[in-house]
Amino acid sequence: MSRPAWITKIVAKPGKREALKQLNESVCAESRKEPGTLVYVMSQSTENPDEFWYFDVYADQQAFELHCASAPFKHMSASLADIVAEVKVTPLSPFAAVNFD
């Protein structure tokens, strides 16, 4: 199951929560079209609504690189400075899962 995966925490700046959420939704919609993007889950914390968590898994390194090179991802990355207070990205190595080969 050695596939590139990440968990990312992003905290919106005060008053920018909805802008970040809309940006996330547009990127997620486009990522559905990427054949190598296996899992792309965006979640909002129930304890802090300005905190967003992302979990993504790719078929291989090339699929991840294609995702990062996509226009929606580049647009999101360029937009974050104005709406985000904090970003923490952690690479993962999945080793077990349910309903995920």
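Helices (H or I, at least four residues) and strands (E, at least two) are DSSP runs, numbered from the N terminus. This is a predicted model, where local features need pLDDT of at least 70, side-chain atom pairs count only at pLDDT 80 or more, and totals for chains, interfaces and linings use all residues. Residues are numbered from 1 along each chain as its sequence is written, and side-chain values use heavy atoms, with hydrogens and water left out.

**View A. Ser 70 sits in the loop between helix 2 (61-69) and helix 3 (71-83).** Ser 70 has a relative accessible area of 14% and is therefore buried (buried means under 20% relative accessible area, exposed over 50%, and partly exposed in between, with a 1.4 Å probe and protein chains only). Look for a polar atom of the Ser 70 side chain, which lies 2.7 Å from the backbone oxygen of His 67. For reference, a polar contact is a pair of N or O atoms within 3.5 Å; within protein, one must be able to donate a hydrogen and the other to accept it, and residues adjacent in sequence count only if both atoms are side-chain atoms.

**View B. Helix 2 and helix 3 pack at an angle of about 60°, with their axes 5 Å apart.** This makes helix 2 oblique to helix 3 (angles under 35 degrees count as roughly parallel, over 145 as roughly antiparallel, 65 to 115 as roughly perpendicular and the rest as oblique). The axes here are lines fitted to C-alpha atoms, for helices over the stretch in contact, and angles run from 0 to 180 degrees between N-to-C directions. From helix 2, His 67, Cys 68 and Ala 69 meet Ala 71, Phe 73 and Lys 74 of helix 3, where contact means heavy atoms within 4.5 Å. Sorted by class, the contact of helix 2 with helix 3 has four nonpolar residues, one polar and one charged. In this scheme, Ala, Val, Leu, Ile, Met, Phe, Trp, Tyr, Cys and Pro count as nonpolar, Asp, Glu, Lys and Arg as charged, and the others, Gly among them, as polar.

**View C. Helix 1 (residues 17-31) and helix 3 pack at an angle of about 170°, with axes 10 Å apart.** Helix 1 and helix 3 are therefore roughly antiparallel to each other. On the helix 1 side you will find Ala 19, Leu 20, Leu 23, Asn 24, Val 27 and Glu 30, which meet Pro 72, His 75, Met 76, Ser 79, Leu 80 and Ile 83 in helix 3. The residues of this contact of helix 1 with helix 3 comprise eight nonpolar, three polar and one charged.

**View D. Ring pairs join Trp 6, Tyr 58 and Phe 64 into a cluster.** Rings of Phe, Tyr and Trp (its six-membered ring) pair if their centres lie within 6.5 Å; planes under 30 degrees apart count as stacked, over 60 as edge-to-face and the rest as tilted. By this rule there are three aromatic pairs in the count. Trp 6 and Phe 64 form a stacked pair, at 4.0 Å centre to centre with 15° between the planes. Trp 6 lies in strand 1 (residues 5-12) and Phe 64 in helix 2, so the pair ties together parts that are 58 residues apart in sequence. Tyr 58 and Phe 64 form an edge-to-face pair, with 5.3 Å centre to centre and 65° between the planes. Tyr 58 is buried, at a relative accessible area of 0%, and Phe 64 counts as buried at 17%. Trp 6 is buried too.

**View E. Phe 55 is found in strand 3 (residues 51-58).** At 32% relative accessibility, Phe 55 counts as partly exposed. Leaving aside neighbours within four places in sequence, Phe 55 is in contact with Trp 6, Val 39, Tyr 40, Val 41 and Leu 92. Phe 55 and Ser 43, 12 residues apart in sequence, are 8.5 Å apart in space, C-alpha to C-alpha.

**View F. Thr 8 in strand 1 is shown with Thr 90 in strand 4 (residues 84-92).** Thr 8 counts as buried at 11% relative accessibility, whereas Thr 90 counts as partly exposed at 26%. Not counting residues up to four places away in sequence, Thr 8 touches Phe 52, Trp 53, Tyr 54, Val 87, Lys 88 and Val 89. With neighbours within four places in sequence left aside, Thr 90 is in contact with Ala 5, Trp 6 and Ile 7. The C-alpha atoms of Thr 90 and Lys 9 are separated by 8.6 Å, although these residues are 81 residues apart along the chain.
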